[in-house]
Structures are given as structure tokens and as C-alpha cells.
Amino acid sequence: MSNVTSSSIPLTPQPAGPVAPTVRRTQPRSWLARVVLDTVGRAGAKVGLVWIATITFCAVFAPMLANSHPFLLKMDGRWSSPMLRHLTPTDVTLLVSFAAALTLWALKPLRFAHKAGALLGVATVTLGLSLLFVTPPKLAVLEQYRQAIEQGRVEWAVWAPVPYSPNDRQRDRFTPGRPHPWQPSREHPLGTERNGADILSRMIHASRNALAIGFIAEGLSLLIGVFIGGLMGYFAGPIDLFGMRLVEVFSSIPRIYLLLTFVAFFGRNLYLIMVIIGLTSWVGYALFTRAEFLRLRQQDFVQAAIACGLPLRSILFRHMLPNGMAPVLVNVSFGVASAILAESTLSFLGLGLVDEPSWGELLNQALSAGGGFHWWLATFPGLAIFLTVCAYNLIGESARDAIDPHLKRAPV
Amino acid sequence: MPQQPLLKIEDLTVSFPADRAAGPRAFAVQKVNLSIYPQQTLALVGESGCGKSVTALSILQLVATPPGRYEAGRIWWNPPNADTPRNLLALSEKQMCQVRGGQIAMVFQEPMTSLNPVYTIGEQIIEAVLLHQQVDRRRAVQIAVEALTDVGIAEPASRLSEYPHRLSGGMRQRVMIAMALACQPRLLLADEPTTALDVTIQAQILELLRDLQDRRRMAILLITHDLGVVAENADVVAVMYAGRIVEYGPVHAVFRNPLHPYTRGLFASMPLLGKRHGRLATIPGNVPNPADFPPGCPFHPRCPDVRGDPQCSTTDPPLLEVEPQHWVACWHAPNHTHGQPAPPDVSYRRPSPASTANHATA
């Protein structure tokens, strides 16, 4: 129906020939991009990010860093790679996603949203494929390598830096007069826990759970909180009234007791713990989002978007959400810290994961094993929890400073 | 050719709660009648709080309900390709989404905040184009470039990837106009499009609007309180006071012979170039709060002409056609007693833009 051609008469004639290359040099950046850059540039955030990067590295490369299976093994004249043979679907997904993330990072022209989408796609596809095709042996006898060495069958082997799997329990090995846990020694730099597993190995593998708890639980509560808060703020009126009552109900639920109850009844399941932490911590995000949306609703550009005939979905999630996300995102990093603490608390109380390595569970053994106090079981996992929570809080503080207009011009 | 009005507002009444949601209601717009013909510019004039913006927002159903409420009235929308006029107030939200932006577009007062800061201007224009026109993305980019060229932005292709904060106020208003016009609307609602801009930019933007109106053959509802802008741009003037239209007529008639004391007050408070002034005349008092309009003529407490006339303070004067094509709502306007109660309807268009804008004020 565009019967009126719009560009038949150009109002301003365009200059012919090449345009002088002096007009604009800097890359245009969105507000959110500038906030992220400002955040990352601050000293606190740098320290925090270094630690989180370390944890992430440990989480992704855990099977390479700490494993009883050697990388390469020449035994009885045959070469094999037990480590690769025993990779789980989770390991494969993490490794492939990490490689994909690095590749996408290097691809400059793509937009952040597209990169994130591509990464999610790669991760999902890899997980699906690896669940089908990666089938590690169900039963892995970790003792076999030590026995083989004693029997002199191993001709040549390349071991992981920490040559113990997290569940390589040496309690049953014959160690007369030296019951576990052992103090830090040359063989076990951070000591062993009461079942004889290497603490460093368990801590490396536990970083996965720490990251997963933080991100999945907080991701869930972020989704719920932003959705409910957004609806409350945009529609106001009765929906707001109902939403606020919902917020009050949920904020009156004590999280730790709910976790304890559910774990007691439904068993110890990492995903259950994540879901419960997510379901009980969306309240803060909902309140933040609601306040932002109440403010944004009056903004001219939202009115202009409505006047342009954009559908509600686009107005809420494309036009309002990105403008109201900054204060919410600041709180995500505090939320991740508190989710990690919640899981550690649960494990410390002895109701955490079974068999899976966890920092809180190691901390728990510092006291409960035999009545004595084993300092290495308290210090190293405690330090890991402390540093991780600290790192997230540092990033959160930096992000808060970055979006605070009052601090914008303050000398750093 | 026989002309049908493009847009015809009948007895539009919009109310808001006076203080509490359930309490008495204040009438921001009361029984407003007006009609806009294709390619016509109708100027809605009045002080702040007169109901000008609410009238314009009602056309697109943009008044927030609640708290607002459409008490009465119909807004007939009759684009040239439609069979029968449609009542915009009766359309569902979904149907309105097609009218908004696609057939009727709106430009807001404040260009500094009317663009979304997190998207480039290209993304914002292209989103609107993709929504209202059945074109693919490549064509949408072309349309966006053409729209930016049309509003006189240099290097339009590279400007598409700029964020709004890197543009000046005048540039942003141009972008807003480009965005509004990218979908070829039949009617443009311009809510004080130049108020937030400095004077030289104001002139450029108004000239741009006139030029685009000629080329796109669209009508404009121009909301302003600047009578200079009215004199240079409008074909028809509707003066609003306290939610009502108090005077209505072709621009020359209203400027030559303002009949309502409020209109005369507006003219008297305008400085004239080349004339020595003492203090400028003012209209004493303020626009009454819609929550408690005075009984009778809402202007009577501020009216300089008549004091103590019991009719003014008891009965609201109706809007009557006192001369051909000139309506006024004032008991003391000449010939008001013999006026015709026809709804205001003027199809006048000035012959060519910016022809004879003489400030023939009272």
C-alpha cells in the first residue's frame, strides 16, 4: 500500500565522492555495553573476575586437572587413554561449550545476543549428542592402575597434575597406623578427607557444583522475578496488588528450613536444591524490576513505542526490560554468592549432595570426623567458599558503582 | 472533489479520578468535536492542562485506562481506501496496534527521551517498518535509509548504527519524525514537536513537517501553544480551554477576528517584532484544575471582558457557529444568540504552504 514513493526528492543532496574520514571515530556503544566495560575496568571487579575465571577453568578442565585415570597409558604393550575413555557427557558438554565460547569471543562482528544464543545452541546440541554417544564404563576400578604399577605392568603413563579422582577413596588401601584423614603431605598437597580421597581433587571437582548452583539457581530466580516484577510494574493496579501479596508470601518463607525439609523428604538432589533456592530468592528481583518498570512506564520512549503500534511483548521485553536490567543485574552477583553459601550451609549441615564433591561437605568433616579438629579440612574449602563469595560481591559492588550516576565523576 | 473528513471526533469526553480511584471524576476533555480533512493541518491551541494532549492521545487510545476513562464520544477514522469509517474508540487493543504507527503516527514533545537508549536508531526504525509493512529485512533497511534521507539527516546509512545519545535534540526529533513517517501514515499527531528545541531548530523542523506533508499527502494534528507556529502552519485552528473547544475556524478567520476572550488573551500575550512593549499582557490566573471547574463558563473567573454577568457564572455556553465557518463558545460573542449548533467542520486548506502568514492580531 506504499503508493507514495518516499525518496523521489531527496531533501538534502548527498555529497558525491568519498566522504572525508574525519567525522566520527569511536565505535558507537550501547549504554549496557558501556556499563559492562566500566564494571570490568574497576579494580575490584578485576580481582573478582580473576578468581571466577580460575574457578571456571577448574570446573571445565576438572577431568584433566584431577583424575586417577592417566591421559596416556602403555600397559602390557598396548596404548590407551583411560582419561578420554572415562569422560562423562557433562565433561564433554562443558569442554565443547568452552571451546565454542572462546571461538565466538574471537568473532568480533557478531552481536552479544547472537553470541549468547549460539553458545546456548551449541551447549544444548552437544549435551544431547553426548548423552547419546558418550558412554563411559559404568564401573571404573581406580585401584587397577596402582595394582598394575605394583605388578610392573605399566610401561609408560602420563598422569593428571593431581593423580586422584575425587571419589578415589584410599581408605581401604592397606595403610597401617595411619587412618584418614591425612594432613597435607607431598603425596596429597591439601591432605585427604576421612574416606581417603584427595582434598585438592575434590575441591577442583566441587567448583562445578559451586558454579552450577550459583548460575542455575540464580538464573531461575532471575527469570521468575523479572517476569513477575515486569508484569506488576507495567500493569500496576490489581495485578500489582496481587503480585505484592505473592512477594510477601514468598519472602516469609525461610529458605534454609524449606531446603532442609525438602531434602529430608525427597532425597539429596542437586537439581532439587537449585530449584528451591531459585523459587525462594526471586522476590528481590521482582521488587527491583517492578520499581524500574513503574518508572519506565512513564518514559517517553515507552509511550512512543506504544504509539508506534508495537505489540505488548516487544514493549515489555525489548524496550523496557533492557532499560531496567542494570540494577537487577547488579544484584545477580550478590544472589549467586548467597546461593553458593546456601548450598555450602546445607552440605555443612550434612544434608548436601551424596557422593558428589562439595566444599561445604568437606568443611563438615573438619569437625565431625572422630571429634578432633582437622585444620586442613576447614581451611582450604573454607577459603574457597570465602574467596568465591568475595569475588561475586566485588563484581557486584563494581557494577553498582558503574551504574551509580553520583559516583560517575568521582576520582578513582 | 467531494471531501470526507479523514478523522472526525464526536463528543469526546475523557475523565480521570479527581483524587481517589473511586471518588469523583475530573473531566480532562469534555464534548470535544473536531474534524480533520486529508492533507489538512489542524492546530490545537491552548495553555498547559487544557486537554490538548489527552485529545490527541485518545485518538490512538493511548490514555491509560485506568486511571483514565473514555466517558463518551466516537472517533471516526476514514482513510481513503476504507469502505466505511471505523470508530477508533471501539477497536480492540489488537486492532489498535495496526492503526498505531501504520495509519496514524505520533511525534512527541521531548526528543531527548523519546528514543530508546539501548537500541540504535536503525534498529528502532526498522522494527517499526517490519511491523507495519510486509517487507523483508533488506528492504526495511532501505526504507529506514530513505526515511532518514527524507528528514534531512546526512550520511543516513551510517547513522543507522548510532545510538540516540550521540545525536543532538534536533537530530533526534528528525529521527522521531523519520520513524513516524517510515510507515506512510495518513495522519500525524504532532504533540508540541518543537517545544523542547531551540528556535532555529524549531523553524527547521516545522519546515520539514510542511514539506513532508506536501509530499506524503498526509494530515497533521499540530498541538502547540505557540501562536507563531499556528500562523505559519495551520489551516484550521481549534482553541481549547478547560477540556472544551472554545473557538474553531480557519486560521485567517481566527487570527483576523478572534471572538473568544481567551483567544484574544492568547494573542495579547504574544510579543510582536518591531513594536515597543511595556510588560506583556497576561491572562490573570491559571487554568482551573479539572477536578473543580467553576460552574458556568469555565473561563469566567479569568475573563477580562465581562464581570458579574450571572449567565456566565451559571450556564456553560455551547459552541455555536456564529459566522459561516467560525464557531465560538461565549455568551458575549457577537451573534452567539443566533448561532447554529452544527458540529465544527472546516475543510479549508491554505493554497500553498507558508503563503501569507501575517500576524493580524487584535
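The buried residues of helix H3(B) pack against helix H4 (137-150), helix H5 (156-159) and helix H6 (169-181) of chain B. A residue counts as buried if 20 or more other C-beta atoms, placed from the backbone, lie within 10 Å of its own. Helices are DSSP runs of H or I of at least four residues, and strands are runs of E of at least two, numbered from the N terminus. The model is predicted: local features need pLDDT of at least 70 and side-chain atom pairs pLDDT 80 or more, whereas totals for chains, interfaces and linings use all residues. Residues are numbered from 1 along each chain as its sequence is written, with chains lettered from A and ligands numbered from 1 in the order in which they are written.

Because nine of its 12 residues are buried, H3(B) is largely enclosed by the rest of the structure. Among them are Ile121(B), Ile125(B), Val129(B) and His132(B).

Chain B also contains paired strands; pairing requires at least two DSSP bridges between two strands. Strand E1 (residues 7-17) and strand E4 (residues 69-77) of chain B run antiparallel over seven bridges, and Lys8(B) stands opposite Trp76(B) in E4(B).

Between the chains, 28 residues of chain A are in contact with 38 residues of chain B, contact being C-beta atoms, placed from the backbone, within 7 Å. On the side of chain A that touches chain B, H13(A) gives the most, with six residues.

Key. Contact = placed C-beta atoms within 7 Å.
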